[in-house]
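Subject: Structure handover and notes

Dear colleague,

Please find below the structure I promised to pass on, with the notes I made while going through it. I would be grateful if you could read them with the model open beside you.

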Amino acid sequence: MKIVLCHLNSLSCLPGLNQLFKDIGNDIGMVISSTRFGSRHGTFWQQVRNSVRRHGLPLTLWLGCDIIAVQFVTTVARVVLWITGRPADLATLPTLTALRGARFLKTANINDAATLAAVSEYSPDLIVVMNFDQILGRQLIEKPRLGVLNVHPALLPELRGPCPVIWALMQGRAMSGASIHIIEDETIDSGRILAQAEVAIDGSQSVARINAALFLAGARNLGAAISALRANPTAGSVQDSSRASYLGFPTREEMVAFRRAGLRLCRLSDLFHLLAAASGLGSWRS
């Protein structure tokens, strides 16, 4: 198998990412990481300003911390390894990519000519998308022989969109999960479902903790989903459109209601747990 992985490097996704590389890492020959700053979405500060205006400061800070913290712990992990000889319990995307000898690409536009050319040259059997913030265009979707799989942290067809964990907590759900589905076109989170895993959740857990648990559950089911697709290219169940719901990023007002309900984006204990495991100063316990 020749697999391309598309991923937005983030702290809360590290447990799932490490599980993914443990299970299928030997088949991953190319990794595409998203970088939006300086793209058509605006500069870093323009995006921060727009996010605060639309979604409020707490959500903006958490999303920024989730992404920027990974760059910090990568540096810390190298220092700890040099001093103690102990590798981090949770390796970051560049480290995992280098250990497998895969090609590493960063792109602000997954559908630009350079990225399409690089994927064409690699000629993958499969593209796997997990925690990626760009929509794949039809040209890219049609390149891999077996298609494109996405790991989504919700039980589709409900809670499509970029923040399903936030909405699951706001709706008071006691159960969520992860779905492995086929990306058939540019419609978000809508393709045939190959596998699902249920995970119990509650309002005492932070978004960061639940996010980590759901992506980990999805990664653990990815191997079986790939096997099913290899055995039968038409495998999977069509999503029930009558049950489908799409929810985007919450507004400032919705995030105020989220906090007033006693819900939290991240608790310090969850943050320190992830940071310690990713920096080589602690271990990860799922």
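Is E158 buried, partly exposed or exposed? At 25% relative accessibility, E158 counts as partly exposed, where buried means under 20% relative accessible area, exposed means over 50%, and partly exposed is what lies in between (1.4 Å probe, protein chains only).

Before going further, please keep in mind that this is a predicted model, in which local features need pLDDT of at least 70 and side-chain atom pairs count only at pLDDT 80 or more, while totals for chains, interfaces and linings use all residues. Residues are numbered from 1 along each chain as its sequence is written, and side-chain values use heavy atoms, with hydrogens and water left out.

Salt bridges

The structure holds 4 salt bridges, a salt bridge being a side-chain nitrogen of Lys or Arg within 4 Å of a carboxyl oxygen of Asp or Glu. One of them joins the side chains of E158 and R173, at 2.7 Å from N to O. This pair links distant parts of the chain, since E158 sits in the loop between β5 and α7 (164-170) and R173 in the loop between α7 and β6 (175-182), 15 residues apart; helices (H or I, at least four residues) and strands (E, at least two) are DSSP runs, numbered from the N terminus. R173 is likewise partly exposed, with a relative accessibility of 25%.

A salt bridge also joins R145 to D125, at 3.0 Å from N to O. These two residues lie 20 apart and again connect distant parts of the chain, with R145 in the loop between α6 (138-141) and β5 (147-152), and D125 in the loop between α5 (113-122) and β4 (126-130). R145 counts as exposed because its relative accessibility is 58%, whereas D125, at 15%, counts as buried.

In the salt bridge between R138 and E142, the closest N and O atoms are 3.7 Å apart. Here R138 is partly exposed, with a relative accessible area of 41%, and E142 is exposed at 55%.

The sheet and the helices on it

Strand β4 deserves a separate look, as 5 of its 5 residues are buried. Both of its faces are covered, with L126, V128 and M130 on one side and I127 and V129 on the other. β4 runs parallel to β1, to which 5 bridges join it, and I127 is the bridge partner of V4. With β5, β4 also pairs in the parallel sense over 5 bridges, and there the bridge partner of V128 is L149.

Two further sites

G280 lies in the segment after α10 (268-279) and is buried, with a relative accessible area of 5%. Leaving aside its neighbours within four places in sequence, G280 is in contact with V80, R86, P87 and A88. G280 and N109 are 171 residues apart in sequence and 33 Å apart in space, C-alpha to C-alpha.

Finally, V79 belongs to helix α3 (residues 57-84) and is partly exposed, with a relative accessible area of 42%.

With best regards

Note on methods. Contact means heavy atoms within 4.5 Å. Two strands pair if DSSP finds at least two bridges between them.
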